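The tour moves from one selection to the next and says what is found at each.

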Amino acid sequence: MAGDSIYRITEIVGTSKVSWEDAAKNAVKAASKTLRDLRVAEIVKLDMVVENGKVTAYRARVNLSFKYETKSK
């Protein structure tokens, strides 16, 4: 069928010293440099790096889906 599409999902982790939102945006921005046709970003986990009782970084684990290119026969 000509209208069918296949999508691949990859998991990446973005980081930020400012917020989880920035961490997620950084992940998508970095991925968009090498992956084409990004479709959906799903945040699957949020965590923080803590050093000496203070938050030093926010991390967002993100599942990204992008169109999987197949060669036509």
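Select Ser 65 first. Setting aside neighbours within four places in sequence, Ser 65 is in contact (heavy atoms within 4.5 Å) with Arg 8, Ile 9, Asp 37, Leu 38, Arg 39 and Val 40. Ser 65 lies in strand S3. Is Ser 65 buried or exposed? Its relative accessibility is 12%, so Ser 65 counts as buried; buried means under 20% relative accessible area, exposed over 50% and partly exposed in between, with a 1.4 Å probe and protein chains only.

Before going on, note that this is a predicted model, in which local features need pLDDT of at least 70 and side-chain atom pairs count only at pLDDT 80 or more, while totals for chains, interfaces and linings use all residues. Residues are numbered from 1 along each chain as its sequence is written, and side-chain values use heavy atoms, with hydrogens and water left out.

Now colour by secondary structure. The protein has one helix and three strands, in the order β-α-β-β from the N terminus. Helices (H or I, at least four residues) and strands (E, at least two) are DSSP runs, numbered from the N terminus.

Select residues 54-67, which form strand S3, together with S1 at residues 7-16. S1 and S3 pair in the antiparallel sense over ten bridges; two strands pair if DSSP finds at least two bridges between them. Which residue of S3 is the bridge partner of Thr 10? It is Leu 64.

Asp 47 stands opposite Arg 59 of S3. The hairpin of S2 and S3 has two residues between the strands, and Asn 52 there takes a positive phi near 55°.

Next, show the side chains of Ala 23, Ala 24, Ala 27, Ala 31, Ala 60, Val 62 and Leu 64. These seven residues are the largest nonpolar core, a core being a set of buried Ala, Val, Leu, Ile, Met, Phe, Trp, Tyr and Cys residues joined through side-chain atoms within 4.5 Å. Helix H1 (20-31) and S3 each supply at least two residues of this core, and the largest share, four residues, comes from H1. In soluble globular proteins, nonpolar side chains tend to be buried together.

Centre on Ala 60. Beyond residues up to four places away in sequence, Ala 60 touches Ile 12, Val 13, Gly 14, Trp 20, Ala 23, Ala 24, Lys 45 and Leu 46.

The structure holds one aromatic pair. The ring centres of Trp 20 and Tyr 58 are 5.3 Å apart and the planes are at 80°, so the pair is edge-to-face. Rings of Phe, Tyr and Trp (its six-membered ring) pair if their centres lie within 6.5 Å; planes under 30 degrees apart count as stacked, over 60 as edge-to-face and the rest as tilted. The pair links distant parts of the chain, with Trp 20 in H1 and Tyr 58 in S3, 38 residues apart. Trp 20 is partly exposed, at a relative accessible area of 32%, whereas Tyr 58, at 19%, counts as buried.

Finally, zoom out to the whole chain. Along its principal axes the C-alpha trace spans about 60 × 20 × 15 Å. Buried residues make up 21% of the 73 residues.
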